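Dear colleague,

I am passing on the structure we discussed.

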Amino acid sequence: MGFANLLYSWTVLFPIAVLLYYFFRKKFEVKTISSTMFWEQSMRETKVSPYLKNLQKNALFYLQMLALLLLLFILLAPFITKEEAIRGQTIIIVDTSASMLVEKDGTSLFDKHKDAIRKLVNERSGQPITIVATGKEPTTVIREEKNAEEVILAIDQLKVSYEHEFMERAIEFTQSIAAEREVDIHIFTDSLEQQTLPEASDKMAWSVNASNDNYQNVSIDKFGAIATQDGTEAIIKLINQSGKNIDGILILTDSLTETVFVKSDFMVEGEDELLLSFKDLPTSTALTAKILVDDDYAVDNDAHIILGNDATSAIIDNQLHELIKKAFEAVGLSVSTGSKNELIASTDASIIVTNDVAFLELGNKPIILIGRNDGNPEEVTGVISTLSDPLFSIADLSDVYVSEVYPAFNEHETIAMIGNKPLIQKSSRGDIIILADVEMTDWPLHASFPLFIWSAIGQVGAEGNALGTFTPNERRAVLSSTQAGRIEVFTIEDEYVTTIADSSSFIAPQPPGVYKAREEAIEKLFTVQLEPEELNLETGSSYRIGKAINGKGTEVNKWMIGKYFIFPVLLLMLMEWEVQRRRGYPN
């Protein structure tokens with residue numbers, strides 16, 4: 001035992017002073033007085049508290065001295081030392097990617113990790129624990145919770161999110177939570193290189209819990225399909241990640257009708273790949289490829305594709321302004337420029353952007369026409385007004401200035417006017433026609449210009465029943481077919497999944513598959529595909545970096561015990577008051 005505030009040791013003068021007071025207090029002679037005046041009172045006190053009467057001779061002195069000594073003891077801040085686990089926060093990073101569903105002996109790696117986390121939590125019951133789930137945007141499942149039951153409940157509710165773990169983001173997020181406090185960070189994943197972790201410090205330790213099991217896996221690495229004049233062609237690439245030959249069955253079906261188009265046996269040699277091609281398949285909107293194999297990872301045994309998906313490239317007439325190319329690049333398309341002959345060669349393969357009206361009659365897919373090469377512009381004044389069209393759901397053109405416009409096409413629908421002149425039209429095929437060159441407007445200076453281009457790409461670059469291909473939990477703005485922008489998501493079997501209130505913040509479901517997006521009476525298909533990183537299983541060793549913290553090591557701590565003597569002091573003072581009351585001040 002020790003004392004933290006020896007500075008207050010001078011207060012020992014107070015009990016010494018009391019002791020000296022009692023040494024030099026006045027003494028009284030005991031004399032016998034022949035009187036019975038106080039006899040009755042004396043007998044009453046003796047009967048009421050016989051034990052106190054025996055103590056009354058020196059009780060007040062002893063009580064005062066004991067109270068003073070206890071107060072001195074408390075002032076000196078006494079403590080006792082004890083060895084205990086180093087305190088601090090435990091942060092657990094849980095990999096929730098699809099690869100955590102790999103199984104060995106009938107139990108997934110994710111479930112094994114959850115069991116290990118429960119054991120760790122029980123060992124550190126009462127200490128603050130934070131759980132972080134990985135993903136594109138790492139999330140805090142529970143933060144600084146000391147109740148072990150609450151932490152275990154949160155662990156039980158953890159699920160695989162299917163998206164890639166992006167472990168670097170999770171580590172940076174965890175460091176921001178830890179700040180400058182002592183933390184013991186445990187990472188539960190399949191594999192993590194030591195170089196990924198920051199340098200260890202006195203306040204931060206890292207434990208990586210990985211898997212070194214030898215897994216067997218065959219995955220669908222690539223799956224593509226195109227519509228032809230004779231039907232559909234499909235190509236599938238399989239990869240065997242194990243060291244031995246594996247055979248199985250490939251089933252190719254229509255995702256909507258579940259009609260089986262192909263059922264074929266295959267064999268993939270160890271550490272090798274196999275390319276399968278199928279021609280003259282029936283016409284289909286969406287295809288699903290499934291392999292039946294005896295492996296440890298079933299999630300990558302399915303793949304889905306929608307035919308006539310979003311276009312990913314555009315070719316722009318080299319006669320158009322450079323700002324148009326910049327706008328298309330800003331929305332994420334692969335953009336190139338070309339002459340008229342190059343545009344003709346790319347018809348139906350890429351989005352065509354030109355001012356040549358002849359392309360309105362070429363090809364089978366709609367184009368974007370900006371300006372006209374067969375007429376002269378006319379001056380125009382006024383404010384732009386638009387009809388209710390999805391093109392303008394996020395692009396407001398009311399503050400755009402236009403000086404001149406070209407003559408309109410009589411056979412096409414006008415969806416935007418400036419003054420009494422048509423500005424933007426749409427053809428029955430879906431062509432989008434802007435009746436002005438960018439040099440005639442200040443539109444490129446407004447944020448609505450790339451937003452309009454993005455909306456236009458969504459309309460001309462995809463077929464009407466396709467919304468696109470997403471990765472699990474991918475957040476992306478999609479072009480709404482209605483002004484409300486409210487989308488309901490269903491599985492291909494018409495099971496309700498979720499409702500997206502705003503199409504500009506669309507979030508894809510987690511499990512891979514084919515889904516339906518419904519806006520009022522309009523229904524579009526989209527697929528959710530695993531990211532390429534989740535098709536390859538990785539294994540690694542477990543290790544630890546940094547000194548032991550939180551249960552892995554101990555330290556000598558001071559347990560302050562002074563506060564436990566405050567109540568005894570109060571009790572002693574109460575007893576002093578009672579003794580003084582009973583004895584009376586004259587004595």
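Subject of these notes: salt bridges

Glutamate 531 and lysine 136 form a salt bridge through their side chains, with an N to O distance of 3.9 Å. Glutamate 531 sits in the loop between β33 (522-528) and β34 (543-545), and lysine 136 in the loop between β6 (129-133) and β7 (139-145), so this pair ties together parts 395 residues apart in sequence. Please keep in mind that the model is predicted.

The two partners fall into separate accessibility classes. Glutamate 531 has 8% relative accessibility and counts as buried, because the cut-off for buried is under 20%. Lysine 136, at 23%, counts as partly exposed.

A second pair is arginine 372 and aspartate 374, whose closest N and O atoms are 2.8 Å apart in a salt bridge. Arginine 372 is buried, at 12% relative accessibility, whereas aspartate 374 is partly exposed at 43%.

Arginine 486 and glutamate 488 make another salt bridge, at 3.6 Å from N to O. Here arginine 486 is partly exposed, with 46% relative accessibility, and glutamate 488 is also partly exposed, with a relative accessible area of 26%.

Salt bridges with shared partners also link Asp221, Lys222, Lys237 and Glu273 into one network.

Regards

Key: Residues numbered from 1 in each chain as written. Predicted model: local features only at pLDDT ≥ 70, side-chain atom pairs only at ≥ 80, totals over all residues. Heavy atoms only, no water. Salt bridge = Lys/Arg side-chain N within 4 Å of Asp/Glu carboxyl O. Helix = DSSP H or I, 4+ residues; strand = E, 2+ residues; numbered from the N terminus. Buried < 20%, exposed > 50% of the residue type's maximum accessible area, 1.4 Å probe, protein only.
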